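Welcome, and thank you for taking a look at this one with me. Below are some numbered notes to read beside the model, moving from helix packing to sheets and cores.

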Amino acid sequence: MSDLVKLTRQGDVAVVTIDNPPVNALSPGVPEGIQAAIEEASKDDQVLGIVVIGAGRTFIAGADIREFIKIVAGERPRIALLPFLLAIEDCPKPVVMAIHGTALGGGLETAMAGHYRVIAPSAQVGQPEVKLGIIPGAGGTQRLPRLAGVTKALEMCALGEPIGAQEALALGIADRVIEGELLAGALAFAREAAGKPAPKTRERNEKLRDFDKGVFTATRELARKTRRGQTAPLAAIDAVEGATRLPFEQGCLREAELFNQCLFSTQSKALIHAFFGERAVSRIPDVPKETLVLEIRRAAVIGAGTMGGGIAMNYANAGIPVILKEVSREALDHGLEVIRKNYANTVKKGRLSQASMDQRMALIAPQLTYDGFDDADIIVEAVFEGMAVKKQVFSEIDRIAKPECILASNTSYLDIDEIASATRRPEMVVGHHFFSPANVMRLMEIVRGKATSTAVLATSMAVARKLNKIGVLAGNAPGFIGNRMLSPYRREAEFLLEEGASVEEVNQALYDFGMPMGPLAMLDLAGLDVGWRVRQEFRHLEKPGVRRPLVEDLLCEMGRFGQKTGRGWSRYDENRKPSPDPEVAALIEEKARGAGIKRRKISTEEIVDRCIFALVNEGAHLLEEGIALRAVDIDIVYLNGYGFPAWRGGPMFYADTVGLKSVLARIEEFEKRHGPELWAPAPLLKRLAEAGEKFESWDARSSK
Ligand code: NAD
């Protein structure tokens, strides 16, 4: 037995306690420990039954993901779960799995190898492996349909969403919900089960026969639609289908084969990169863990428009009272109405109770004055995007806010240092760049001005966590990380139109790559006037003689602002369904010909490479300039702020998987054709490619 697992006796029942904090992951030593404990208990004549339970806050929360990484890197697997689970199932005495917290992945697979499962009312169970690009690999796809039925098992394995205790009971995954103390309930259950034949899950074949045969096709369709481009959900469906066709042992072999294919896939590496990336981005080298974190008890938001309303909701959702200030009664009422509608929709969907909605609304104090701002621990400005108005607002709040109050701006592009210069405390000023819709999108860029204090940065990271966001540090440069990279992406999409691709071809190519929508559809959704205003603000920075998109400003001058005006790059009906607009196509062609651009047929591959490698090249510049700390930070920004497909890992990880040499070669091709002003390869990209390295290795070096 290992010290991660303890065996004790409670009268005639043995208790096996898994104690591998923080979440009792199935690290080496845990499965062996459980097996040894069960074996020892089963040999003891005094023992009638065995309970397996987790110490601390959970049962086995899942596999140890780092073990998967080691296997992919070529190490021999140190854990063989399948035989271990068979041994549990073959125990002659009833084994009762007592579940609290979560039993996910390998945790649920272990629980299903017991003869019975009892569960705490708040516990959750599931097979979320697909979220890491893999499938259950220790019989999960074979045992779950035997307990829960084929239809539900398919859904759980293919989509990866967990279920609660009551549903687990109704499905037959759990045998009893224990309302009181879990261990006491489990002991009582074990005593009732003692002496009766213990059912082995792998032999319970009744539910494998009774299901709608169309369910495989239907679930495949659902997975293709909701998990677009991903291979693991389809592999999970194949594995569960195997359970209905093959005897258990062969079903497990089929599962193992599919598991291995998934584990060694690029998609799985990408998803695991994203999983660890979310944790990595919170580390800022010169802001150590011990840095003072200011307490945020009260917040205030200025501007109740698209962003301000969503930001206020974030604070209310976290239980922090928030003042919402506007300039006019009309704007305030409208802002509040949008918030109320958003909450009401969530209530309608059953994801929030009416009482919680009322509580959250009560935490938001709408007003037209600065009353109470002197008490706020943080003030977030979300007024129009213009330097003059921002500076005006910051000079006003500088006079009212207490000295330790954080002054944050939600600006998308503007210079944080210049904004800070309107105050007498630039060290307290920081960018908190939320993404639209702010109450939904998880990304928050934390923009560091030259004077921003480390306490303000540490607190900003803590605020992001509190608001259930992922904070990523960005340097102070126009557009920070995300929007700065978006600009060459957008530019290339528009150049492709001028060179001969249609709006629909460009949109479709990037959609098929895995983006939630094509670049022109995205611009139409955000509003073409947004970029128009930004371009006006930054016109003085444009280099003369460098090619610029020809049509974007014209569209705005024509009042075509995108979805909100029914016309942009595409035409939109009253349900915002797009259709091609011949007027736009003709305008593009006319302007392109006028500028002497040769029109040609453009391949999907070129569309994708031009747009995505434009992101990558700009990303490499950001790294070298120190605007982004690590390549993984850029990836996390793109995954969480722009819907970049997680199974591609983010733009920088994607470039690594293509191979930086190939990326560089393609960029050099574009440079030859379109000139160095647009396409000169970033020096860092060039160095890494020539040294046969990856962005990942650069990250590893820079985080030492
Ligand atoms: P918006 O026009 O929807 O809202 C701005 C609001 O600020 C208006 O309701 C206006 O009445 C109010 N306002 C103006 N001056 C004010 C003042 N002195 N005091 C109080 N209220 C004032 O704009 P938005 O889209 O919410 O953008 C706000 C900020 O967020 C901008 O800096 C923008 O760049 C940034 N941002 C926008 C998005 C987006 O997608 N819309 C995303 C990220 C960041």
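1. Helices (H or I, at least four residues) and strands (E, at least two) are DSSP runs, numbered from the N terminus. This is a predicted model, in which local features need pLDDT of at least 70 and side-chain atom pairs count only at pLDDT 80 or more, while totals for chains, interfaces and linings use all residues. Residues are numbered from 1 along each chain as its sequence is written, and side-chain values use heavy atoms, with hydrogens and water left out.

2. On the H5 side, Gly-140, Thr-141, Gln-142, Arg-143 and Arg-146 meet Phe-248, Gly-251, Cys-252 and Glu-255 of H12, where contact means heavy atoms within 4.5 Å. The residues of this contact between H5 and H12 divide into 2 nonpolar, 4 polar and 3 charged. Here Ala, Val, Leu, Ile, Met, Phe, Trp, Tyr, Cys and Pro count as nonpolar, Asp, Glu, Lys and Arg as charged, and the others, Gly among them, as polar.

3. Two strands pair if DSSP finds at least two bridges between them. Strand E3 (residues 49–54) and strand E4 (residues 95–99) run parallel, joined by 4 bridges, and Val-51 has Val-96 in E4 as its bridge partner.

4. How do E1 and E2 run, and how many bridges join them? They are antiparallel, with 6 bridges, and Val-5 has Ile-18 in E2 as its bridge partner. The two strands form a hairpin with 2 residues between them, and Gly-11 in the turn has a positive phi of about 65°. E2 also pairs with E3, in the parallel sense over 6 bridges, with Val-16 opposite Val-52 in E3.

5. E2 has 6 of its 6 residues buried, so it is largely enclosed by the rest of the structure. Buried means under 20% relative accessible area, exposed over 50% and partly exposed in between (1.4 Å probe, protein chains only). Val-13, Val-15 and Thr-17 point one way from E2, while Ala-14, Val-16 and Ile-18 point the other way. In a regular strand the side chains alternate between the two faces of the sheet.

6. Strand E17 (residues 470–475) is also worth a look, with 6 of its 6 residues buried. Ile-470, Val-472 and Ala-474 point one way from E17, and Gly-471, Leu-473 and Gly-475 point the other way. Strand E16 (residues 443–448) pairs with E17 in the parallel sense over 6 bridges, and Leu-443 stands opposite Ile-470.

7. Which residues touch the most other members of the largest nonpolar core? Of its 98 residues, they are Ile-379, Ile-481, Trp-569, Ile-612 and Phe-695. Helix H26 (residues 604–625) gives the most to this core, with 11 residues. A second, separate core of 75 residues includes Ile-34, Cys-91, Leu-132 and Leu-258. A nonpolar core is a set of buried Ala, Val, Leu, Ile, Met, Phe, Trp, Tyr and Cys residues joined through side-chain atoms within 4.5 Å.

8. Finally, Ser-697 sits in helix H32 (residues 695–702) and counts as partly exposed, at 24% relative accessibility. Ser-697 and Asp-656 are 41 residues apart in sequence and 9.8 Å apart in space, C-alpha to C-alpha. Asp-656 is among the buried residues of H28. Helix H28 (residues 651–658) has 6 of its 8 residues buried, so it is largely enclosed by the rest of the structure.
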